[in-house]
Amino acid sequence: MDGLLLESHQYDLLLEGAWITIQILVYAFVLGVALSLVMGVARLSERRWIRGAALVYVEFFRGISTIVLLFIVAIAIPILFDLSQVSLLALGVVALGANMGGYGAEIVRGSILAIPRGQSEASIALNLSNTQRLRHVVLPQAMRIILPPFGNLTIEILKGTALVSLVGLADITQAGNFIRQQQLFTADGADRTVLFLNILVLYFVLAQIVNGLFRLGERRLERKYAGGAADLGTIAEVGK
């Protein structure tokens, strides 16, 4: 068992990298969810130019490679606009969050379209505005459909955080590179295998935490909306 463990100072490096990875993941998730909701709803707008702008966003950020996007945001844009003091962590968050928004917008759009039209028609009959209908009727029910694919997408973003090591951020992968360089002249192939095995376990544990949080959210939503019918009494109160 001891042969599968690293030295304590190496774990310290990996945990520092894990903290950077978690920060990037959380901030990118928040930004990605906000962009997904805005662009997903915009894709269903009655105004053609709004639908068109949202479609351009979705196709651009789904079509561009994440690593290319990261280099554009973290290196090209600061050089072009002379932004020397911008945090690399913030730029990495913007790149990963925008990428998540491109994929998430289509999940939100598809989930909203999956809600039976009768739900919207009932809320229209209760004189709810478009915003009230979306906020109190459509989105709460769509969340049951949104959560499972968003869980997968968040885990993909977690794995994508490894790319930020290429622009100089000391995440888990970069911490592993530091340790590997320290071992360059002292370790053999087996030591490097142990290092990568520990990194693998670290990412796996983080992915399982994300997975568990989404499953918890799914169970809570299932309990809240068991039966599937909207609470028309509450909706009527909102419409007054």
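**Salt bridges in the predicted model.** The count comes to four salt bridges, each defined as a side-chain nitrogen of Lys or Arg within 4 Å of a carboxyl oxygen of Asp or Glu. This is a predicted model, in which local features need pLDDT of at least 70 and side-chain atom pairs count only at pLDDT 80 or more, while totals for chains, interfaces and linings use all residues. Residues are numbered from 1 along each chain as its sequence is written, and side-chain values use heavy atoms, leaving out hydrogens and water.

**View 1. The pair Glu-59 and Arg-62 in helix α2.** Both residues lie in α2 (residues 48-63), three residues apart, about one turn of the helix; helices are DSSP runs of H or I with at least four residues, numbered from the N terminus. Glu-59 is partly exposed at 41% relative accessibility (buried means under 20% relative accessible area, exposed over 50%, partly exposed in between, with a 1.4 Å probe and protein chains only). Arg-62 is also partly exposed, at 32%.

**View 2. The pair Lys-159 and Glu-156 in helix α6.** A salt bridge joins the two side chains at 3.1 Å, N to O. Both sit in α6 (residues 130-160), three residues apart. Lys-159 is partly exposed, with a relative accessible area of 49%, and Glu-156 is partly exposed at 46%.

View 3. Arg-109 is partly exposed at 23%, whereas Glu-106 is buried at 17%. Of the 27 residues of α4, 19 are buried, so the helix is largely enclosed by the rest of the structure.

Methods: Helices (H or I, at least four residues) and strands (E, at least two) are DSSP runs, numbered from the N terminus.
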